[in-house]
2 protein chains.
Amino acid sequence: MTTKRPTVGVFDSGFGGLTVLRALLQQLPNADFIYLGDTAHLPYGSKSQAMVTRYTDAAIRFLVEQGAELVVIACNTASALALPSLKTNAPVPLVGVIGPGAEAAAAIAPAGSTALVLATEGTVASHAYAQACTEKGLKTVEKACPLFVPLVEEGWTDNSITAQIAEVYLREAIPDAANPPEVIVLGCTHYPLLHALIERIASDIAGPIPVVDSAAATARHTAELLPSATTDAGEPHLRFFATDAASKFQRFAPRFLGREIGHVELADLES
Amino acid sequence: MTTKRPTVGVFDSGFGGLTVLRALLQQLPNADFIYLGDTAHLPYGSKSQAMVTRYTDAAIRFLVEQGAELVVIACNTASALALPSLKTNAPVPLVGVIGPGAEAAAAIAPAGSTALVLATEGTVASHAYAQACTEKGLKTVEKACPLFVPLVEEGWTDNSITAQIAEVYLREAIPDAANPPEVIVLGCTHYPLLHALIERIASDIAGPIPVVDSAAATARHTAELLPSATTDAGEPHLRFFATDAASKFQRFAPRFLGREIGHVELADLES
């Protein structure tokens, strides 16, 4: 007997959450997806909790109207600032990326050791990762890296200037190379595009340190919450929405998703 | 006889327009000012014309409600993308920064020579500077510099990494050092904080090139449009509004305005 394919909403401030959608597509081949990038308001990293919560709330409502039965908040800043207050009254289950990020770190680093979390200003100021890592038995150092998002959006993911900027941030975050963190958590969905570079610079500073992100753990957590898998193994149905500049979204998307995307629809959350 | 002090509204996507307010305060000592930074939606540089026009329209209405008799659009992206369509039906006179920027260039560079305009992606894509410079008899090369705004907001206005990034942008914009532009126009209100650095790097590449911005010319143009100056030479009355994160606005402002500012009020343009 074939059951209905579940529809999962995926929300991010822009393109970055496509790195999470990529992991979801791998682990949930029998689900359909609706992705919404709030490109009219990005970046969230420097905005207040009140504003990020307002935008995230509007995005969840939109995705549910479009048929989402569960919404993945694939944005670390929104997961940190908006998810705690929104999950109580949400019309569908919500999955954030902070808990799964801490889980990915705890799977590698022994209890009592230290995770270095690289994230936006908003995520760092919320200390949401520190709290999630404490729950997993890890200590935390949090470091805001505000230039990483614009560097990724400029396409400078592996050049000498980006390497120097990463070195500035990592040296500030690892003041004692003899006592490095046991794991580095990429606490922003843009940062997986800098994975190799961050791993290399960290190794130059303090020897090899494993680097993890939230994508795979978030996808696993989502799979657990969904109704039992269907036997309908057709191609997943994907819809993409952006709140502004849909053509730019379409151009950037392959860099994050690893494949071309079709038509991007414009979503108006403000009217 | 003392006439009423005029009230001038100044609008920008964030803090950058404070470099224009600084020039206005110098040239219009007998006016009062209301400044609005749309920090909830910044940066405008990568947003579409429709979205920038919607935000700018709401900002003008807000400033007029607060008593502004003239509004300076102290944001190059908004001047480029929104001003042409909004000025026809605006309730008060509007002054942009693109025309004055081209005027400042033409005051230095001889007719027929080339101005290099450094600006955001949105401003460059609009070719508003090319059009304004053509009207002043100048040729134009436009170059988008998307990393400059986040670098200024990170406070990295004079370090070696910013210098290298400026060198990448300027070498791309000046492919033939033997035929450099006659003037460089800073076509974004954040860029005056990089004035010294850009001047130095350009000189290293192609010899001394004068660097100008819109602030002083915009203030002159505003003074011409205002009712005759009053004899009331008291201290100007200043009010500051931001649409989000007012405390961050207060912290950043002195870097752009050259002085501390008082209370920043939160303005809600969306409800």
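Two strands pair if DSSP finds at least two bridges between them, and strands here are DSSP runs of E with at least two residues, while helices are runs of H or I with at least four, both numbered from the N terminus. I start my notes there, with one bridge.

**Entry 1: a sheet in chain A**

I looked up A:Val117 and found that its bridge partner in E7(A) is A:Val185. Strand E5 (residues 114–119) of chain A and strand E7 (residues 183–186) of chain A run parallel and are joined by 4 bridges. A reminder to myself: strands of a sheet pair through backbone hydrogen bonds, either parallel or antiparallel.

Before going on, I noted that this is a predicted model, where local features need pLDDT of at least 70, side-chain atom pairs count only at pLDDT 80 or more, and totals for chains, interfaces and linings use all residues. Residues are numbered from 1 along each chain as its sequence is written, and chains are lettered from A and ligands numbered from 1 in the order in which they are written.

Stepping back, I see an open sheet of 4 strands in chain A, in the order E6-E5-E7-E8, with parallel pairing. Strands E6 (139–144) and E8 (211–213) of chain A stand at the edges with a single partner strand each, so one side of each has no neighbour in the sheet. From one strand to the next, the twist averages 25°.

**Entry 2: two helices in chain B**

Next I checked helix H1 (residues 18–27) and helix H11 (residues 215–225) of chain B, whose axes come within 8 Å and cross at roughly 50°. Axes are lines fitted to C-alpha atoms, for helices over the stretch in contact, with angles from 0 to 180 degrees between N-to-C directions. H1(B) and H11(B) are therefore oblique to each other (under 35 degrees is roughly parallel, over 145 roughly antiparallel, 65 to 115 roughly perpendicular, the rest oblique).

Residues of H1(B) that meet H11(B) include B:Val20, B:Ala23 and B:Leu24, and B:Ala216 and B:Ala219 are among those on the H11(B) side. Contact means C-beta atoms, placed from the backbone, within 7 Å.

**Entry 3: chain B against chain A**

I then turned to the contact between the chains, which takes 15 residues from chain B and 15 residues from chain A. On the chain B side, helix H9 (residues 160–173) gives the most, with 3 residues.

Finally, I laid chain B on chain A: a turn of 180° and a shift of 0.0 Å along the axis give an RMSD of 0.0 Å (least squares on C-alpha atoms of residues with pLDDT of at least 70 in both copies). That is the relation of a two-fold axis. In chain B, the C-alpha nearest the axis belongs to B:His41, at 2.7 Å.

How values were computed:
Two residues are in contact if their C-beta atoms, placed from the backbone, lie within 7 Å.
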